[in-house]
Amino acid sequence: MDYRLTISYSRSSGPGGQNVNKVSTKAEVRFHVNTADWIPEDVRQKIIAMNRSRVNKAGELLVTSELSRSQQRNLRDCIKKISNIIVEASKKPPEPTTENMALRASRLEKRNNERLKQKKINSAIKQTRRVDFD
């Protein structure tokens, strides 16, 4: 079964001494978001929108890890990152309560009244600057 993951390893930077130059421990996982039909369409679009710099033109989410000197730990870290991205994109914003809606409406009305009051003050100042030539 195709899990839509492409895994590759390359040489890692960072600590490790001569091991860094010999062993390919950096894990790079490509997850094809568009063909993951087990994820709802709106969540897939949100994943792409939230990770624009990580998604290539082919629709693959590119995740890398070079935290550890072990391929398996880096692969586990990549898969954990992908699952966290999916969980974050799946979160729904909380529904606004009637109390919050009333509070927002009152704040909006207060802001609008303050703006109109300031406009009247500015208008009065400009009225006093006018000179009548009668």
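Accessible areas were computed by the Shrake-Rupley method with a 1.4 Å probe, and for residues only the protein chains shown count as cover. On this basis the protein exposes about 10,600 Å², of which carbon and sulfur atoms supply 53%. The model is predicted, so that local features need pLDDT of at least 70 and side-chain atom pairs count only at pLDDT 80 or more, whereas totals for chains, interfaces and linings use all residues. Residues are numbered from 1 along each chain as its sequence is written, and side-chain values use heavy atoms, with hydrogens and water left out.

The secondary structure consists of four helices and three strands, where helices (H or I, at least four residues) and strands (E, at least two) are DSSP runs numbered from the N terminus. Read from the N terminus, the order of elements is β-α-β-α-β-α-α. The radius of gyration, taken over C-alpha atoms, is 28 Å. A compact globule of 134 residues would have a value near 14 Å, by the rule of 2.2 Å times the number of residues to the power 0.38. The C-alpha trace spans about 95 × 40 × 30 Å along its principal axes.

Of the 134 residues, 23% are buried; buried denotes under 20% relative accessible area, exposed over 50%, and partly exposed the range in between (1.4 Å probe, protein chains only). Among contacts (heavy atoms within 4.5 Å) between residues at least 6 apart in sequence, 59% join residues at least 24 apart. The protein carries 28 positive and 15 negative charges, and their mean positions are 6 Å apart. Lys and Arg were counted as positive and Asp and Glu as negative, without His and the chain ends; each charge was placed at NZ of Lys, CZ of Arg, CG of Asp or CD of Glu.

Helix α3 comprises 20 residues (71-90). From first to last C-alpha, α3 reaches 29 Å, close to the expected 28 Å, which is 1.5 Å times one less than the number of residues. Its buried residues are N74, L75, D77, C78, I82, I85, I86 and A89. These pack against the strands β1 (5-10), β2 (26-32) and β3 (60-65), and against helix α2 (41-50).

K57, in the loop between α2 and β3, is exposed, with a relative accessible area of 89%. K57 and E95 are 38 residues apart in sequence, and their C-alpha atoms are 34 Å apart. Helix α4 (residues 98-129) contains M101, which counts as partly exposed at 46% relative accessibility. Between the C-alpha atoms of M101 and T25, 76 residues apart along the chain, the separation is 52 Å.
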